[in-house]
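Please look at the sequence and the model before reading on.

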Amino acid sequence: MALTLMKGSEAIAEAAIRAGARFFFGYPITPQTEIPEYMSARMPEVGGCFLQAESEVAAINMVYGAAGTGARVITSSSSPGVSLKQEGISYCAGAQLPCVILNVMRGGPGLGNIQASQADYFQGVKGGGNGDYHLLTYAPSSVQEAIDIMMFAFEKAEKYRMPVLFLADGIIAQMMEPVEMPEMVEYKVDPEKKPWACTGWKPGDDPAKRGVINSIYIDTKRGVINSIYIDTESLSIHNEHLQAIYKEAKANEQIWENYKTEDAEFIITAFGTVARIAKTAIDELREQGVKVGLFRPISVWPFPYDAMRETICRDQVKGVLDVEVNEGQMLEDVKLGLEGAKPVRFFGHLGSQFPTTDEIKSEILAMKEGK
Amino acid sequence: MKKVYVLIGNYGSGKSELALNFAFKAAERGERTELLDLDMVNTYFRVTERGNMTRMKEIRLVSPNFANSGIETLSLPAEVASAFAMDWETVIFDVGGDSTGSTALGRYHQDFVELEPGSLEVLNVVNIRRPLSGTVEKIIHLQEEMEIHSRLKLTGMINNTNLAEMTGPDELRDGYEMIKEVSQRTGVPVKFTSGKAALLEQFLAEGHDPKYIGQPLPIDIYMKRDWNSWINSLGEKRPQQLEYL
């Protein structure tokens, strides 16, 4: 296994290219500027296109356009920049355009700070833009996992014709870790297999071969991509179709990790890098004889409710500690999934300060003592 | 004679770590030492973070204006002039990554030119496990770019090949082989080989050509990050759900 030492930003960018991305549109913002920086040098080497847009709003609309050609396209930003992209993201979801969006989360609201944070969970999984839509949303907890997820992100996006969102806290992009980089995937746009791919149409072409865009249920000719359905009936049909897709994604795309949960009396729930701090705390607590485990959603939409219930709703589990770097956002999904079956305690910081293993340990010890 | 070390290199090659090691070793020898943080590229990882450590060892630290205050202007402070004007025994410049980072040195071109001959060491810190210095060609390309941007000629290379906490015996050995070839092709000598003491000893015992090892430099790790102690997903089985890939 050949390992290289890579910064998260570089690794994510390289993985996107190896997964077939040939278009990157973005605008610099800390703590993810290394992603566009890397792309600016790397894209020309693989015959791709790097373009620094005039704003995040422009970048996401360029994504919309490039995705409409069947190409694999990606954009990245950090929290305030992702806020700016929300309109475009909603349009991509509405027009069913597959693409990948990276949010390297920093402190908020507003400009917040440039340090790592997890405060965009709601924005990511509850819909930051308008309308009834979802994004396949993944929260990697290491640089290697970010690479692994990137390698299937485009396939998932294309399978469901949904944008994929990476909800990565700033640490993932800034940390440097030894990683194994997979081989380059050969991706060629095949309009036959990508029914949303605009191939151009000129007078004299057989209208019957123009194909269909948004979905088979609406006879929109290939070459027209939109998210507007002006009469109530067609919008209703469109939205029902979207919901059917989301239902399928919910059924098939939940991924998670259980860490030392088998005999655990206390379960920590956490996502992203916080989960790794939790794992370290768990190992140290187990040395003291405290049986603790971790349930970590990797897909935060769809949220693995059933798997979480299966892990936590067991007789020996006395309580749950949810740890995040926000005011308790995933906490709502944890509580929703558990339906009051187990007591849930929360620990978090609000100023981009990451919890320490000692803090997590003392929370668990307090729970154990019934405090 | 004043000794001036300028550490340049690929982003993430370990310049700051080596800069601290150079500074601490000089201070331990009782030398009047100044360490200059000239990193204009990355606001997250800089030796200035270890300011308390340098003060304890009576090393003068010069940092970019407002460094680590969250509102970095990335402007060079006037105190950089002290590196040339004052009577130090050892001066260490920790420069930002790649050719972009090296650009900051151009401002002091005349000062460097006026240094006593033989007092300046411009060292390229090489970690071949970093993707942009992973081949002989890439190292040479980066080296040429950095020389142009810094307006300085390299006087040597440092083999600092590592995989952070996962560094094993292969790293220095593979680094040695590649850097040897770079040295043969460019004529730039290998001045140091650095690593944690145990690994370095193991490497030295293998009996490689000392010409391409230079001075062995056992280092301590000061720039260690919190996440170095967190469990790395690579050390464990990847989540089963991801294995269908």
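## Domains of chain A

Chain A is divided into domain 1 (1-253) and domain 2 (258-368). These bounds come from an automatic or database domain assignment. The model is a predicted one: local features need pLDDT of at least 70, side-chain atom pairs count only at pLDDT 80 or more, and totals for chains, interfaces and linings use all residues. Residues are numbered from 1 along each chain as its sequence is written, while chains are lettered from A and ligands numbered from 1 in the order in which they are written.

The C-alpha centres of the two domains of chain A lie 29 Å apart. Their contact takes 27 residues from domain 1 and 21 residues from domain 2. Two residues are in contact if their C-beta atoms, placed from the backbone, lie within 7 Å. On the domain 1 side, the elements giving two or more residues are helix H5 (121-125), strand E6 (136-138), strand E7 (164-169), helix H7 (170-174) and helix H8 (232-252) of chain A. Helices (H or I, at least four residues) and strands (E, at least two) are DSSP runs, numbered from the N terminus. H5(A) gives the largest share of that side, four residues. By class, the side has 14 nonpolar, ten polar and three charged residues. Here Ala, Val, Leu, Ile, Met, Phe, Trp, Tyr, Cys and Pro count as nonpolar, Asp, Glu, Lys and Arg as charged, and the others, Gly among them, as polar.

## The sheet of chain A

Chain A has an open sheet of seven strands. The order is E3-E2-E4-E5-E7-E6-E12, with mixed pairing. Two strands pair if DSSP finds at least two bridges between them. Strand E3 (49-52) and strand E12 (299-301) of chain A are the edges, and each pairs on one side only. Neighbouring strands are turned by 20 degrees against each other on average, direction ignored. Axes are lines fitted to C-alpha atoms, for helices over the stretch in contact, and angles run from 0 to 180 degrees between N-to-C directions.

Three bridges join E6(A) and E7(A) in the parallel sense. A:Tyr138 stands opposite A:Phe166 in E7(A). Helix H4 (79-95) of chain A lies across strand E4 (73-78) and strand E5 (100-105), at about 140 degrees to E4(A).

## Where the chains meet

Chain A puts 29 residues into the contact with chain B, and chain B puts in 24. H6(A) supplies the largest share of chain A's side, five residues. That side divides into 14 nonpolar, seven polar and eight charged residues.

## Chain B

Chain B has eight helices and eight strands. Its radius of gyration, taken over C-alpha atoms, is 18 Å. That is close to the 18 Å that the globule rule gives for 245 residues, so chain B is as compact as a globular protein of that length. The rule is 2.2 Å times the number of residues to the power 0.38. The C-alpha atoms fill a box of roughly 60 × 45 × 35 Å, taken along the principal axes.

An open sheet of eight strands has the order E3-E2-E4-E1-E5-E6-E7-E8 in chain B, with parallel pairing. Its edges are strand E3 (60-62) and strand E8 (215-218), each pairing on one side only. Four bridges join strand E5 (120-126) to strand E6 (156-159) of chain B. B:Asn124 stands opposite B:Met157 in E6(B). Helix H4 (98-106) of chain B lies across strands E1 (3-9), E2 (33-38) and E4 (90-95), at about 135 degrees to E4(B).
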